Amino acid sequence: MCKVYISRCYDSKDTLTHLKSSCTVHSRQLTCYLTSPHIIIKYRDICTLCSSGLILLFYLVFYGFLAGMFTLTMWAMLQTLDDNVPKYSDRVPSPGEPPMSCLSICLSVEYNDTEQVKNELCLAGQYYEQDGSDEKKVCQFRRSSLGFCSGLTDSSYGYREGQPCIIVKMNRIIGLKPSGDPFINCTAKVSYFPQEGRIDRMYFPYYGKKAHVGYVQPLVGVKLMLRKEDYSKELMVECRVEGSDLKNNDERDKFLGRVSFRVLVTE
């Protein structure tokens, strides 16, 4: 048995009546009858409804608090990030050297001389620093500087004559400024384009994809000078970045500052 007391209520005649009612619990249901001269009211599951409402309110407040904390944390973290520079880049201290596998398409689109002539004619041998500028300019890299590996004079890139060209480029690393005069050096007998495989410092530093729109990496064309006695033999070639402070001999990462590939030419 439980008792429910209602101190006052209004009947149909708007007169104040003091009521006292009792209720009995049967089969998990609570039924109460409140009687007055003009009113009969029946309540079912009033205890269950109150409990459910309190539980629902608790979870609404609890998960609302968690959502608010998560949103505040994300907002605070985003305030520490730069749109152009990654917060942590120490895992890539030196660039790798991937060979390009899409010669015709990549060179004709990204390195087209007609498009490159619109870019800035930079001073060779010096870093092109633009820290105070919101809009970063791009230095020209003309496809014609790749000579016999440009595809302009030989659309087969030397593959037809058995002396194929390999185009090597350095991966983009934001803020990288290699000291000295970096160049590409390969183990096989090759010819380099530009001369001596030089990578001019005017293409550094790189400011990121969003800030440095239109930027293209400098390329080095490596033409393998194979002879007939070299045909039908698998040739192992390794190219490294030399002449600077860039790492190229880390045995834990064989692609750091260097690239290796195999070449097989048949008649």
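Predicted model: local features only at pLDDT ≥ 70, side-chain atom pairs only at ≥ 80, totals over all residues.
Colleague: How many charged residues are in the lining of the second largest cavity?
Modeller: Let's sort that lining by class. Seven of its residues are nonpolar and two are polar. For the charged class, the count is one.

Colleague: What volume does the largest cavity have?
Modeller: Good one to look up next. Its lining includes Met-170, Phe-204 and Gln-217, and by class that lining has seven nonpolar, two polar and one charged residues. The volume of the largest cavity is about 60 Å³.

Colleague: How many cavities of 30 Å³ or more are there?
Modeller: Here the cut-off matters, and it is 30 Å³ or more.

Colleague: How much space lies in the second largest pocket?
Modeller: Now we turn to a pocket. Its lining includes Gln-140, Phe-141, Arg-142, Pro-194 and Asp-200. The space in the second largest pocket is about 170 Å³.

Colleague: How many nonpolar residues are in the lining of the second largest pocket?
Modeller: Met-202 and Tyr-203 are among the residues of this lining. Three residues of the lining are polar and three are charged. The nonpolar residues number five.

Definitions and conventions:
Residues numbered from 1 in each chain as written. Heavy atoms only, no water. 1 Å grid on protein atoms, 1.4 Å probe; cavity = no way out; pocket = protein on both sides within 12 Å on 5 of 7 lines; lining within 4 Å. Points joined across faces, edges and corners; volume = space filled by probe spheres on them. Nonpolar A, V, L, I, M, F, W, Y, C, P; charged D, E, K, R; others polar.
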